[in-house]
Amino acid sequence: MSHALLKASHTHADDPLQVAAELAQRLAATANARDQAGGHAAQEREWIRESGLLTLSIPTAYGGQGADWPTVYQVIRILARADSALAHVFGFHHLQLAGIQLYGSAQQQRRFLTQTVEQNLFWGNALNPLDKRTVATDADYGFQLDGIKSFSSGSVGSDWLTISAWHEASQSALIGVVPSRQHGVAVQADWDAFGQKQTDSGNVHFNQVSLPSTQVLQAPGVKATAQATLRSQVAQLIMANLYLGIGEGAFQAAREYIAKEARPWFASGVDKAGADPLIQHRFGQLWLKLRPASVLADHAAQELDRLFRLGAAVTAQQRGELAVSVAEAKVLAHQAGVDVSNDIFELTGARSTSAKFGYDRFWRNVRVHTLHDPVDYKIRDLGRYALDGTLPEPTAYS
């Protein structure tokens with residue numbers, strides 16, 4: 001299908017899950033080769049843009065599709081089964097749109113969300129709260145940005161960036177948005193991790209970049225509301241669904257390999273690998289890692305959607321209870337993704353390690369991404385909640 005036909009064939013009336021499935025199939029055809037090559041997946045990112053899925057989470061009032069968060073997360077999971085790097089880029093695009101809805105004024109939401117729909121914009125991330133090397137200094141028009149931001153997922157090839165910058169005078173951070181091609185902004189494509197190779201997560205440099213006050217979503221010194229702190233929960237649940245998608249992709253790859261390629265072990269007494277009771281037993285164990293993680297992720301998505309729609313009426317208690325649900329989902333998804341992508345090789349055997357299959361990419365991708373923030377602190381938060389009902393403290397990671 002030509003790019004023009006692909007773009008024309010997908011409208012707001014299409015089922016986004018079906019669109020995602022078709023896109024995932026297309027991405028899967030070259031996922032192994034692109035994983036080995038690394039670099040920027042420019043063509044594949046255009047396929048995402050042409051799919052119409054970039055407007056999925058934007059409310060219908062601004063011309064978007066108005067999908068609920070469970071649907072957005074299902075799409076992320078579908079894409080991650082095939083290509084978790086581009087699923088990450090897609091998910092973080094919607095994270096930036098969520099930030100505009102959570103932090104932005106009514107005027108800013110209308111401006112940036114409508115513009116995203118009309119121009120089919122692709123958003124990237126330069127909002128790394130632990131990296132304070134980008135500083136904001138006061139200016140007549142708003143602020144001037146100078147410095148560098150690391151782990152800027154989706155920055156290469158993006159149209160706009162969400163940014164954070166440290167404001168020394170108030171000893172706090174601001175959050176804003178800037179065009180990726182604005183004068184003084186330099187996106188550096190230097191991401192070199194052994195997994196998630198095409199997430200475009202390099203460094204972004206800012207050299208005397210103008211940030212008008214109209215593009216500041218959260219001014220320095222302003223205390224974040226309970227509603228605004230939902231952004232971290234949107235982000236954490238994106239990660240949980242990425243891990244789940246990777247685990248499910250590895251599970252599917254192993255199942256197909258055993259059905260089509262694997263030879264039964266001579267001592268098994270069966271004529272095909274799938275009939276080996278030991279392999280059946282181990283597949284059952286892998287299923288029992290993925291299934292509860294999926295249930296908890298879906299539950300957390302429903303809870304997030306409910307609170308997201310409450311807007312400014314969200315309470316700190318509700319936000320804290322959501323953080324518990326999201327932490328539960330993320331911990332199990334983390335464990336399932338890492339375990340399944342590793343354990344499949346004991347079931348598929350030595351020949352499955354051939355580079356032509358590229359099954360190692362599932363483990364490498366989930367191993368890199370699960371290091372985003374320490375899972376042990378999520379488990380600690382859950383332990384505190386289980387012991388005395390203490391809710392997780394709102395941070396950019398919890």
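# Chat about helices and packing

Q: Over residues 20-117, what is the chain made of, and how far apart are the end C-alpha atoms?
A: That stretch is 73% helix and 0% strand, with its end C-alpha atoms 18 Å apart. Helices (H or I, at least four residues) and strands (E, at least two) are DSSP runs, numbered from the N terminus.

Q: What kind of model is this, and how are residues numbered?
A: It's a predicted model, where local features need pLDDT of at least 70, side-chain atom pairs count only at pLDDT 80 or more, and totals for chains, interfaces and linings use all residues. Numbering starts from 1 along each chain as its sequence is written, and side-chain values use heavy atoms, with hydrogens and water left out.

Q: What does UniProt list for residues 20-117?
A: The unreviewed entry lists "domain: Acyl-CoA dehydrogenase/oxidase N-terminal" there. UniProt positions follow the numbering used here, feature names are shortened, and annotations may be inferred rather than shown by experiment.

Q: And which feature does UniProt place at residues 238-373?
A: "domain: Acyl-CoA dehydrogenase C-terminal", again from an unreviewed entry. Residues 238-373 are 74% helix and 0% strand, and the end C-alpha atoms of the span lie 13 Å apart.

Q: How many helices and strands in the protein?
A: 12 helices and 8 strands.

Q: New topic: at what angle do α5 and α9 pack?
A: About 140°, with the axes of α5 (residues 69-82) and α9 (residues 277-310) 8 Å apart. Axes are lines fitted to C-alpha atoms, for helices over the stretch in contact, and angles run from 0 to 180 degrees between N-to-C directions.

Q: Why are α5 and α9 called oblique?
A: Under 35 degrees counts as roughly parallel, over 145 as roughly antiparallel, 65 to 115 as roughly perpendicular and the rest as oblique, so α5 and α9 are oblique to each other.

Q: Which residues in α5 meet α9?
A: Trp69, Pro70, Tyr73, Gln74 and Arg77. Their partners in α9 include Ser294, Asp298 and Phe308. Contact means heavy atoms within 4.5 Å.

Q: Okay, why is α11 described as largely enclosed?
A: Because 7 of the 10 residues of α11 (residues 360-369) are buried. Buried means under 20% relative accessible area, exposed over 50%, partly exposed in between (1.4 Å probe, protein chains only).

Q: Which residues of α11 are buried?
A: Arg361, Phe362, Arg364, Asn365, Val366, Val368 and His369. These buried residues pack against α3 (31-37), α5, α6 (84-103), α8 (230-260) and α10 (316-348).

Q: What percentage of the protein counts as buried?
A: 55% of the 398 residues.
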